[in-house]
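Here is a short briefing for a first look at this protein. Keep the sequence and the 3D view open as you read.

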Amino acid sequence: MTLLANYQVPRYLVDEALLHFDLDKSKTRVISTLKMRLNPESSAGECVLDGESLDLISIKLDGKLLSDSQYEVNSNSLTIADVPEQFELEIITEIHPDQNTALEGLYHSGRLLCTQCEAEGFRRITYYPDRPDVMTVFTVTIVADAKQWPVMLSNGNLEEQGQFNDGRHWVRWHDPHPKPSYLFALVAGDLYCQQDHFTTMNGRDVTLRIYVDPENKHKCDHALVSLKQSMKWDEEVYGREYDLDVFMIVAVNDFNMGAMENKGLNIFNAACVLATPETATDDDFYTIQSIVAHEYFHNWSGNRVTCRDWFQLSLKEGFTVMRDQSFSADLNSAAVQRIDDVNGLRSMQFAEDAGPMAHPVRPDSYIEISNFYTVTIYEKGAEVVRMIKTLVGDEGFRKGTDLYFHRHDGQAVTTDDFVKAIEDANSVDLSQFKRWYEQAGTPELSVKTHYDPVQQRFSLTLHQSCPATPGQENKLNFHIPVAVGLLDSDGNNMPMQLAEETTPYDGDTRVLSLTETEQTFEFIHVSEEPVASVLRGFSAPVKLKYDLTNKQLAFLMGHDTDSFNRWDAGQQLMINVLLEIVDDIQKQNTLALSPLLLSQLEAVLNDEQLDPALVAKMLTLPTENYLAAQMPVADVDGIHQAREFAKRQIAISLKPLFNARYESLSKKKKYQFNAEDMAARSLKNLCLSYLAATDDPLQMQRCLRQMKVTDNMTELLAGLRLMVDQAGPEREHALRAFYEQWKHDRQVVDKWLSVQAASKLPDTLLRVKALMKHEAFNIKNPNNVRALIGQFCRNNPVHFHAKDGSGYRFLAEQILVLDKLNPQVAARMLGALNSWRRYDVERQELMKASLEEIAAQKDLSADVYEIVTKYLA
Ligand code: ARG
Ligand code: ZN
């Protein structure tokens, strides 16, 4: 276990690293020359370098070969007992990229070689002080066969290249910016390159290049546009300019995560960068735009200013997610962006925070750092930075980030340093606020109101508490920014003057700071009893306990001027209604759908003024997983039945409206990726999904027709998804035809796997198992695993949680296979059992048995070991 409390500065620093690679897919030789010296902040002692799965060939210290007795090697380090204050090491190692199925370090993917070094992959390339607070200038020489590896890339600028007589060629890259080893990258292969350029705010010309497998050369345009948008946005909004002559992106098929921000050479999971309208959905286009931005933004929030240690991971990830979220909000619909971000946070992060892996945004211990690339570090971390921005205002935040980048440029720092910069630039005290970094768990915010018609006063009492999490029994009060508005009976915003104020408040929403367990805020001159709209824009990542009646929720759903809260009131109303149906199912009562909800949905569907994207969001029922999280004991089958029932009732009752809107949105138009067209497609597909829920066989014909006439994957996949839930020859035909058309395209084939894994039909698990033997599936490819096994376990709750335990046994079996190949992917899959204690006793027993089966396995990876033991603890 690694502890934050044990942090010590590195003993030796690396001033310069010269790396020489003799590339070959089965045996690559690495010659590393390190100019090292004693850290003036430390004291002399042995020199310990990290290293794993390396064949050590030789070590020279200041030119002299070391004998076996002068160093010690074990499975994760190399120790040289005696070194001077300043010295040069030359270490030769050999590695085997084609045997590397963990996809960390240098590995072989398809026809290319590439690296993934974050967090601790560099130690699988050579012995090195592999920690982010050792920053070095890297010069990298790559030598390889020119035919097989025509393109050879690394960080920084290309300095020189040449040919040898024997068919090999070489390149030398130099990165002038000192960086930690986790930002090192190397790529080689026969890659197609699409080039563009960007002129920075100071007039410098930057060459932009996207490298892809030749068969994907038609899929680069969207990423390039997104990259230029990101570069411009970061200049305008944060004053950040790019700092090298070239910026490169490479797409690879085998990748554990989404993408990686290596300096000047971002490496992407192909699914997170490649797109054409025919092969990628609107969601894909949207996600790609945001991931390209995310990785680009890391150039400042992550690379120029990096993390001191991995406990500070959210320093770069939380901040960068917050930056990419505001980028997406600026370029698309801000309301839709916020709804999606909060939806994701509540369904994933709240579950993590309430489960056995709950950890603070700045954790204080870990066994395997790869397990801490979590929704808490990323998404909750982003919310924490967003709250800071809310507290100091847009301008204050910009002053703070300017100071942060200026003060810490070229340094490896902590989340405390980040907060300090904001404090110093704004003369504010965020010491209580910092508990958001230190305490895990989702705070609960309860709201009580009181109206005094005689005094015309309205009081709002806010109360906070936070449940215990593993290792943190008692929590201190958080500093919670609560954005509030008051609405009169016509839905107009009301004045918000507090009793202690002498002048009226100017604005419709005001942010109250809750810092104590309970505080009451008293508003004066309130002429009628208002409905309070609390936590507008989701101003803090808390669970709101505010007992509004369904009628009040319906009112907010129809009238709130804050579009997020309007949506949220609708969601809460749906949750109330759906949970009542679950209750009726449990009591075997006859089922009925609330007419109030129905009339609200009808009004939304009829509202031609409302952004169609918002209409679609407001008509989308909460997921089964999210509903499960709202029950003390999740009733898997009851929830599924209730949701299907409600969906069908809504569909039948509003069928003519769904019909009419579907038809009016079906005007043929060439695909374009923009907010307006995306909104239209999302509403059109939503209408189709309700129409399909009416059980009218004609609607299947409609799905087929949509699939036939469309020019884009968004509509094609929406049709297929609906067909896949209906047994029959049409379904099988549609699946077969889809596969035949797209089997050459990995991104599309993954969608084909996913829709089948998410099917409601009873034989889904059998089908998933059969698909694992299909030519389309390779268990070594993480995208395939996520598309098939991941979809089934995380997105198909009725089947994954089948009462006979078949879903759990299937998962356990796959995890044990995966753990031998790729521990990171295996550990991710375990996440499907995160909430296992929240189910009925029978299911808990079955899940526990599966967890114990995994735990009993010998030689588990640290990744799976950490999660399985924490789940069982
Ligand atoms: N820093 C990358 C990102 O943008 C994530 C890479 C993590 N990779 C890993 N193997 N843990 O968010
Ligand atoms: Zn990131």
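Helices and strands here are DSSP runs, numbered from the N terminus; a helix has at least four residues and a strand at least two. With that naming, strand S20 (259-260) and helix H2 (282-297) each give at least two residues to the shell around ligand 1. The model is predicted. The protein is divided into three parts: domain 1 (2-190), domain 2 (304-543) and domain 3 (547-693).

**The ligand shell**

- How many residues surround ligand 1? There are 14 of them.
- The closest are Glu-118, Asn-256, Met-257, Ser-370 and Tyr-373.
- Why does ligand 1 lie between domain 1 and domain 2? Residues of the shell come from both domain 1 (2-190) and domain 2 (304-543), so the ligand sits between them.

**Where domain 2 touches domain 3**

- The C-alpha centres of domain 2 and domain 3 are 28 Å apart.
- Domain 2 puts 21 residues into the contact, and domain 3 puts in 20 residues.
- On the domain 2 side, helix H4 (334-353), strand S27 (480-487) and strand S31 (531-534) are the elements that give two or more residues.
- Which of these elements gives the largest share? Helix H4 does, with eight residues.
- This side of domain 2 holds eight nonpolar, nine polar and four charged residues.

**The N-terminal stretch**

- UniProt, in an unreviewed entry, places "domain: Aminopeptidase N-like N-terminal" at residues 19-183.
- Over residues 19-183 the chain is 54% strand and 0% helix. The end C-alpha atoms of this span are 14 Å apart.
- Strand S2 (residues 12-22) pairs with strand S3 (residues 28-38) in the antiparallel sense, over ten bridges.
- S2 and S3 make a hairpin, with five residues between them. Within the pair, Leu-18 has Thr-33 in S3 as its bridge partner.
- S2 also pairs with strand S12 (residues 136-145), in the parallel sense and over seven bridges. Here Ala-17 has Phe-138 in S12 as its bridge partner.
- Strand S8 (residues 77-80) runs antiparallel to strand S4 (residues 47-50), and four bridges join the two. Leu-49 stands opposite Leu-78 in S8.
- Strand S7 (residues 71-74) is another antiparallel partner of S8, again over four bridges. Glu-72 stands opposite Thr-79 in S8.
- How many residues lie between S7 and S8 in their hairpin? There are two.

- An unreviewed UniProt entry lists "domain: Peptidase M1 alanyl aminopeptidase Ig-like fold" at residues 441-547.
- Residues 441-547 are 44% strand and 0% helix. The end C-alpha atoms of this span lie 22 Å apart.
- Five strands form an open sheet in the order S28-S30-S26-S25-S32, with mixed pairing.
- Which strands stand at the edges of this sheet? They are strand S28 (497-498) and strand S32 (543-545). Each has a single partner strand, so one side of each has no neighbour in the sheet.
- Strand S25 (residues 444-452) and strand S26 (residues 457-465) run antiparallel and are joined by nine bridges. Asp-452 is bridged to Arg-457 in S26.

**The C-terminal stretch**

- For residues 551-872, UniProt gives "domain: Peptidase M1 alanyl aminopeptidase C-terminal", in an unreviewed entry.
- Helix H9 (residues 563-586) has 24 residues. At 1.5 Å a residue the helix should span 34 Å, and its end C-alpha atoms are 35 Å apart, which agrees.
- Just after H9, Gln-588 has a positive phi of about 55°.

Note on methods
Residues numbered from 1 in each chain as written. Chains lettered and ligands numbered in written order. Predicted model: local features only at pLDDT ≥ 70, side-chain atom pairs only at ≥ 80, totals over all residues. Near = placed C-beta within 6 Å. Domains from an automatic or database assignment. Contact = placed C-beta atoms within 7 Å. Nonpolar A, V, L, I, M, F, W, Y, C, P; charged D, E, K, R; others polar. UniProt positions renumbered as here; feature names shortened; annotations may be inferred. Pairing = 2+ DSSP bridges. Expected span 1.5 Å × (residues − 1).
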